[in-house]
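Here is a short report on one protein chain. Have the sequence and the structure open as you read.

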Amino acid sequence: MAQRALQLSYRHFWQLLRPVIAHKCPFKCNRFYSNRIFQNRILSLSSILLQDGLDVTELPIFIRKLDLSKFPHENEKSVTQVKPMTAEEEFFQEKLEQCNNLKEVFKLLEVPSDVITGYTAAFALQKICHFQRNDTVGEAVDSFIQTAVMNELYEMVKKEVTTLSNDTLFCLMRCILTSDYNIMGSTQFLFEEIEKRISNSKFSIAELCELSCIASFHSQQTLIETCWIHIGNRYDEIDASNIHLVFRCIPTSKRPLMKLIRKQFFLCWWKLKGSDVASIVLDMLRLKMNDIKVLQCIGKWTRMNIHDLNDAHLTQIIAGFLHFHYTESSIIKSLERYIPAKIAKIDYNLLALAMEYCRAQRYLSPLLFDIVAEDFIKNGQNYSCLQLYSILRPYGQLNYLPTESTKFFLKTEEVLQSKISDFTLPNIVELLCSFAFLQRYPLNFSHFILTPSFLSKIKSITSERVQTMVGEWLEMLQSAFLLETKCHNIPHRFKLPHQTKSISTTVLHRKVLKNLNHLIGLDKIEIKKLAVKSIYTIDFEITLDSEQLPLPVGAAPQNIHSRLAIILHQPEHYCVNTNILLGEQTMKVRHLKLLGYKVIKVHYAMLQYSKSRQLKYLHTLLQPYINRDVFNHLETQPSQENTPS
C-alpha cells in the first residue's frame, strides 16, 4: 500500500512539473490561504513522499513559479538589487518624522516629482498609514489631491520595490497589515517581492525571524511556514548573534525544529550576551522546553559571566530554573557572588526569587541566607508582602537560624504586625508555622489566626487542596503552641478530620518492614499509625511492656509501658547539599518526643547496605529500647558476609 501511495505521489508531482518543462504557462497548486493576497504566489508549499524500505516519510518542499524569461535559469536582471539610501532620502525621512498630522505630510510631498523615489514614497506611505490608523487627520485634505498623491506614491513603490531594503519592506508590510484603510492599491507585488527574496536567500536568519514575528502577529500562517522551512534549511547559519531571535520567534507548532536549534546552541552558548541568555530562558518557558542539557549550559554561562549580568536578567534566569524545578549548583554559586556585591542597591524581587529558588530546591546556602537576613534587618519595612513571604519562609523550612537571629526575629515581628492584614490567608499561616520549625513561636499572633472568624475563612476556601494545606499548617502551629510553649489559653482550636495515609510502597519502607519482621515479628508492628493525641503519622509503631518486651498490635492500654516511633527519613526530608533535616521533619521529631515516644530515625542511606548489614543497622537502632532476649534468635543463625547491594 505504501508503494502504491508513493507511485500516486510521483505521478501527481510529475503532472505538476510537466507544464514547466514544456515551457508553457506556470503551473498552479490548489491551496487555501489565510489571506487572498497569497492566491497568486511566487512560492507554493507542497510535499513529496520519500520511501526508505517500508518507511514512507512526507517531506515539505517549495515550488517556485517562474515565467519563460527565467526558466530554466533565472535572468540576472531579475535578481534583487537593493540600493542604499541617499543623503536626500535620509533628510526626507527626518522631515517626515517631524510631521504631526496628515496635512503636514501632504504639504511636504508638494515637491518636484524627481525627489520622490522608492524610499521616500515608502516612508510617506508609512507615515500616512500611521496617521490614518490613529485618526490624527487634523485639517481636511482635498480628496482629489490626496488620491493623486497616493497614486503617485503607490506607483513609485511598485516600480522600485526591488531596490528597497529589507527593513523598508518589513515596515511597508506592517503598514499594510495594521491599517484599517485601503490607502494602497493591490499589494500583491510587495508579497511577491518578499517571497522572491526568501527563495533567493536575501534575508538573513535575523530578518527571517522578524518576518515570522510580523506574520505571526497578523495570523499569516502560510508566510510563517515559508519562513521556518527556510530557517530549518539554513540552520547552520544560526549562531550567537541570532539564536536568541530564533528562540523568541519560533512558534510552538515548530518545536520539532528545536533539535536543530539545540545543536547550534551547544556550539555557541559561551559566546552569548546576558540579555540573550535571559531572553532564551523566557522563551523556553513559553515553549515548555524543559531541556536539562540546555539548562546546564545556561547555569555554567551564568557562573562564568555573573559580572556581566544585571538584576533584571538574573531574575529572568532564576525564574526559568525555578519553573523547571531544576537544581543547579552553578546558579547558587553565582547568587553567592552576585548578591553580596550588589546588596546595597539590589532589586528586592531578585532577593525574593533567589530565596524561593533555594527553598524550592531544598538548597541551604548559609552565606546567602545570612546576607539576606542582614538586609532584611535594615530594610525589611520596604519589602512587599509577597517579597516578605518568599524571603522569610525558607529559614524555617530549611531549618536555618541566621547569625543575628535575635535581631532578625524582632524585625520580623515588627514588620508583620504592621502588614499582617495585607497578607493572603494561606501565606500568613504558612509563614508563621515556618517560624515554629525554628522554635520561634509567634504567640503574639495567636489571637489573630486562632479565632472563629479567621477559622471560618479557612473553611470558606473553595479549593479543597488549598484548604487542606492551610489546615495542616495551622494544626502544626497549634501543636507547637500546645506542646512546646505550654500555652493552653488558645482562643479557639482548629482541627481537621484526619485519616491515616495509605501504606507507602517505597523501597525503603518495604526493606525496613521486612527486617523488622525478622527481628521482632510482624504481629508486633503497627504500620502507618496516627500518633496518640497528635496530628503526626508514624511509619511504624512498637509498644513495649514494663520489661521492654514488644506487645502484640492492639494490646490493652494498661499493659503499655512505652512506645517506639520508627520514622523513615527519605531523601526529600533533607537539604540536597547537607545532611540537615528540613524544619517540618525536625519539629515532628521534637513533638513525638514530647508526646512520650522514643523516636528511632532510619536514614535512607540504609538502602546502600547489604542485606545482612541492613539487619544489623536496624538491630543497632532498636537494641537500646528493646529487651536483649528478643534478639537471641539472631545469634543462633549463621553469619552472612556483607555483600554490596
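## Serine 390

Serine 390 sits in helix 18, which spans residues 385-397. Keep in mind that this is a predicted model. Is serine 390 buried or exposed? Its relative accessible area is 11%. Buried means under 20%, so serine 390 counts as buried.

Which residues does serine 390 touch, leaving out those up to four places away in sequence? They are Ala352, Met355 and Glu356.

## Nonpolar cores

The largest nonpolar core holds 157 residues. Within this core, Phe265 and Ile339 have the most contacts. Helix 20, residues 425-437, gives the most to the core: nine residues.

Phenylalanine 265 is in contact with Ile243, Phe247, Leu272, Ile280, Val294, Cys297 and Ile298. That list leaves aside neighbours within four places in sequence. Another core, of 23 residues, lies apart from the largest one. Among its members are Leu508, Ile600, Ile626 and Leu634.

## Aromatic pairs

How many aromatic pairs does the structure hold? There are 19. One of them joins phenylalanine 409 and phenylalanine 435. The pair is edge-to-face, with 5.8 Å centre to centre and 90° between the planes. Phenylalanine 409 lies in helix 19 (residues 405-419) and phenylalanine 435 in helix 20, so the pair ties together parts that are 26 residues apart in sequence.

Both partners are buried: phenylalanine 409 has a relative accessible area of 13%, and phenylalanine 435 has 5%. The two rings also belong to a cluster linked by ring pairs.

## A charge over a ring

Arginine 613 places its charged end over the ring of tyrosine 609. The distance to the ring centre is 4.0 Å.

## Helix 24

Helix 24 runs over residues 507-520 and has 14 residues. From first C-alpha to last, helix 24 reaches 20 Å, close to the 20 Å expected at 1.5 Å a residue. Which residues of helix 24 are buried? They are Leu508, His509, Val512, Asn515, Leu516, Leu519 and Ile520.

Glycine 521 follows helix 24. The phi of glycine 521 is positive, near 100°.

Note on methods. Residues are numbered from 1 along each chain as its sequence is written. This is a predicted model: local features need pLDDT of at least 70, side-chain atom pairs count only at pLDDT 80 or more; totals for chains, interfaces and linings use all residues. Side-chain values use heavy atoms; hydrogens and water are left out. A nonpolar core is a set of buried Ala, Val, Leu, Ile, Met, Phe, Trp, Tyr and Cys residues joined through side-chain atoms within 4.5 Å. Buried means under 20% relative accessible area, exposed over 50%, partly exposed in between (1.4 Å probe, protein chains only). Helices (H or I, at least four residues) and strands (E, at least two) are DSSP runs, numbered from the N terminus. Contact means heavy atoms within 4.5 Å. Rings of Phe, Tyr and Trp (its six-membered ring) pair if their centres lie within 6.5 Å; planes under 30 degrees apart count as stacked, over 60 as edge-to-face and the rest as tilted. A charge sits over a ring if NZ of Lys or CZ of Arg is within 6 Å of the ring centre and within 35 degrees of the ring normal. The expected span of a helix is 1.5 Å times one less than its number of residues.
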